[in-house]
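Here are my notes on the model, point by point. Please read them with the structure open.

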Amino acid sequence: MIPFKLKLLDKEREFNPFYNFIMGNTDHFRDYMEVVPSFDEVKEEFLLDVPPGIDIKNKEVYGVYREENLIGFLDILFNYPESHTCMIGYLVIDQNYRKQGIGQQVYNHAVAYAKEKDMRKIRLSVIKENKPAVRMWKKQGFETIDEEVTEYGTQLMMEIRL
């Protein structure tokens, strides 16, 4: 397995590598293939966006690094949509580092950290047509609790009890 480190993303100093990561993984972020978003749009969507009424302090974004290179990120929102529940917004690994166990290790860290923070459930949303992602989350023990048709396709809301 490839060694990596997980650290809280410095939203100011590490934003350029983050932006380049987003732009370099268009298979995951298809929205940006036709219109290239500005730095501010990416910062707003991935680093500052929280649901109405939720404090930005509940959101943590971690970079996944191999040596000094950003190869992924984890976005997690605590106590949402209810107390003792956290929401994984994104867990993305660079295309060149997938299928090497890194995503699994990052997820394992996220679960351990959620338990430390007294979370009892983890939720996430995944596009139903993204079969590899749906399979991966089911393999982790997530169950579908809801479906919603959105502009991105049918989203499955999945949940696991810790």
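**Notes on the fold**

1. Serine 125 sits opposite methionine 157 of S7. This is a predicted model. One place back, leucine 124 has methionine 158 as its bridge partner in S7. S5 and S7 pair in the antiparallel sense, with 7 bridges.

2. S7 also pairs with strand S6 (residues 143-150), again in the antiparallel sense and over 7 bridges. Valine 149 has threonine 154 of S7 as its bridge partner. The link from S6 to S7 is a hairpin of 2 residues. Strands of a sheet pair through backbone hydrogen bonds, either parallel or antiparallel.

3. Now the whole sheet. It is open and has 7 strands, in the order S1-S2-S3-S4-S5-S7-S6, with mixed pairing. Which strands are at the edges? They are strand S1 (5-8) and S6, each of which pairs on one side only. On average, neighbouring strands are turned by 25 degrees against each other, direction ignored.

4. Helices next. Helix H1 (residues 15-24) lies across S3 and S4 and runs at about 95 degrees to S3. H3 packs on the sheet and touches S1, S2, S3, S4, S5 and S7. The direction of H3 makes about 160 degrees with that of S4.

5. H3 passes a length check. Its 15 residues, at 1.5 Å a residue, should span 21 Å, and the end C-alpha atoms are 21 Å apart, so the two agree. Which residues of H3 are buried? They are Ile102, Gly103, Val106, Tyr107, Ala110, Val111 and Ala114. An α-helix has 3.6 residues a turn, so residues three or four places apart point the same way. Just after H3, aspartate 118 has a positive phi of about 65 degrees.

6. The largest nonpolar core has 29 residues, and Ile88 and Trp137 touch the most other members. At least two residues each come from strand S2 (59-66), strand S3 (69-78), strand S4 (85-93), helix H3 (102-116), strand S5 (121-127), helix H4 (131-139) and strand S7 (153-161). H3 gives the most, with 6 residues. In soluble globular proteins, nonpolar side chains tend to be buried together.

7. What does isoleucine 88 contact, beyond its neighbours within four places in sequence? The residues are Leu74, Asp75, Ile76, Tyr107, Ile122, Arg123, Leu124 and Trp137. Another core, of 14 residues, lies apart from the largest one; Leu9, Phe46, Val61 and Tyr65 are among its members.

8. Two glutamines in loops deserve a look. Not counting residues up to four places away in sequence, glutamine 140 touches Gln104, Tyr107 and Ile160.

9. Glutamine 95 is in the loop between S4 and H3. Its relative accessibility is 35%, so glutamine 95 counts as partly exposed. Leaving aside neighbours within four places in sequence, glutamine 95 contacts Gly24, Asn25, Thr26 and Asp27. Glutamate 82 is 13 residues from glutamine 95 along the chain, and their C-alpha atoms are separated by 33 Å.

Note on methods:
Residues are numbered from 1 along each chain as its sequence is written. This is a predicted model: local features need pLDDT of at least 70, side-chain atom pairs count only at pLDDT 80 or more; totals for chains, interfaces and linings use all residues. Side-chain values use heavy atoms; hydrogens and water are left out. A nonpolar core is a set of buried Ala, Val, Leu, Ile, Met, Phe, Trp, Tyr and Cys residues joined through side-chain atoms within 4.5 Å. Buried means under 20% relative accessible area, exposed over 50%, partly exposed in between (1.4 Å probe, protein chains only). Helices (H or I, at least four residues) and strands (E, at least two) are DSSP runs, numbered from the N terminus. Contact means heavy atoms within 4.5 Å. The expected span of a helix is 1.5 Å times one less than its number of residues. Two strands pair if DSSP finds at least two bridges between them. Axes are lines fitted to C-alpha atoms, for helices over the stretch in contact, and angles run from 0 to 180 degrees between N-to-C directions.
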